[in-house]
Amino acid sequence: MALIVLEGIDGSGKSTQFRLLCEYMDRHRQGYTRVRFPQYDKPSSALLTMYLQGEFGTDPGDVNPYAASTFYAVDRYASFQKVWGGDYRAGALILADRYTTSNAVHQGAKRSGDARRAFFQWLDEFEYGHMELPRPDIVLYMDVSAEVALGNMRAREAETGTTADIHETGAEYLRNCCDSAKDAAGFYGWRPVSCMEDGKMRGEREIHLEILGILRGAGVLVGEG
């Protein structure tokens with residue numbers, strides 16, 4: 001039926017919007033399969049976990065974007081083969097919290113200009129061509145500033161007692177991720193969803209309704225509210 005991806009930098013509210021969308025689907029009894037990336041509880045995430053924990057270097061740039069992308073792509077390949085590929089081939093609606101798109105955001109941040117565009121092209125050929133992962137039909141990008149996202153992450157860490165990984169520690173890297181995401185949205189044809197107004201986060205419900213409107217307009221959803 002369709003593969004719908006919610007994408008965004010850490011602290012963008014993406015996981016909240018994914019949860020609200022799944023609750024909407026459940027409430028309206030619309031069939032779907034949900035997937036989340038990375039699969040931290042699966043063996044296929046071993047290399048990316050080592051990377052995020054700083055075992056290959058404590059700065060994201062210590063691992064080049066091509067190498068790091070393979071860590072995540074292998075995890076997605078395993079998920080497609082073992083978890084949701086059958087549903088996708090049978091025509092199910094697939095909702096994904098992150099996907100191949102995350103490599104464009106986080107690894108594309110390590111390059112700029114023509115080198116970034118060359119990376120986007122390589123990533124497209126690698127994941128969709130050589131690895132034969134399905135292309136998403138719609139990518140909704142949760143657009144926030146790096147400063148607001150960083151504040152959201154620090155608040156979440158204080159509330160949950162969690163520790164930031166190497167993608168979450170620096171404002172400069174997050175700013176580069178925001179720039180890369182904007183470039184990726186143009187390159188791949190993503191649908192940006194502005195999550196801010198007057199320098200602050202918009203309400204969760206307001207953002208949720210905008211997402212529903214986009215998906216209804218694409219003929220993906222049924223029901224109201």
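Trainee: How do the residues lining the second largest pocket divide into nonpolar, polar and charged?

Mentor: In this predicted model, the lining of the second largest pocket holds eight nonpolar, three polar and five charged residues. Tyr, Pro, Val and Trp count as nonpolar. The 16 lining residues include Tyr128, Pro136, Val139, Tyr188 and Trp190, which are the closest to the centre of the pocket. By that rule, these five are therefore nonpolar.

Trainee: What makes a residue part of that lining, and which element gives the most?

Mentor: A lining residue has an atom within 4 Å of a point of the pocket. Helix α5 gives the most, with four residues. At least two residues each come from α4 (101–106), α5 (113–130) and β4. The space in this pocket is about 210 Å³.

Trainee: Why is the contact of Asp114 with Arg117 called a salt bridge?

Mentor: The rule asks for a side-chain nitrogen of Lys or Arg within 4 Å of a carboxyl oxygen of Asp or Glu. For Asp114 and Arg117, the closest N and O atoms are 2.3 Å apart, so the pair meets the rule. Both residues lie in helix α5, three residues apart, about one turn of the helix. The count by this rule comes to 15 salt bridges.

Trainee: How do you know that β1 and β3 pair?

Mentor: Two strands pair if at least two bridges are found between them. In one of them, Leu3 has Ile94 of β3 as its partner.

Trainee: What is the order of the strands in the sheet, and why do β2 and β5 stand at the edges?

Mentor: The open sheet has five strands with parallel pairing, in the order β2-β3-β1-β4-β5. Strands β2 (33–36) and β5 (191–194) each have a single partner strand, so one side of each lacks a neighbour in the sheet. From one strand to the next, the twist averages 20 degrees. Helix α1 (residues 14–27) lies across β1, β2, β3 and β4 (138–143), at about 155 degrees to β3.

How values were computed:
Residues are numbered from 1 along each chain as its sequence is written. This is a predicted model: local features need pLDDT of at least 70, side-chain atom pairs count only at pLDDT 80 or more; totals for chains, interfaces and linings use all residues. Side-chain values use heavy atoms; hydrogens and water are left out. Axes are lines fitted to C-alpha atoms, for helices over the stretch in contact, and angles run from 0 to 180 degrees between N-to-C directions. Contact means heavy atoms within 4.5 Å. On a 1 Å grid over the protein atoms alone, a cavity is a set of points where a 1.4 Å probe fits but cannot get out, and a pocket is an open set with protein on both sides within 12 Å along at least five of seven lines; lining residues have an atom within 4 Å of a point. Grid points are joined across faces, edges and corners, and a volume is the space filled by probe spheres set on the points.
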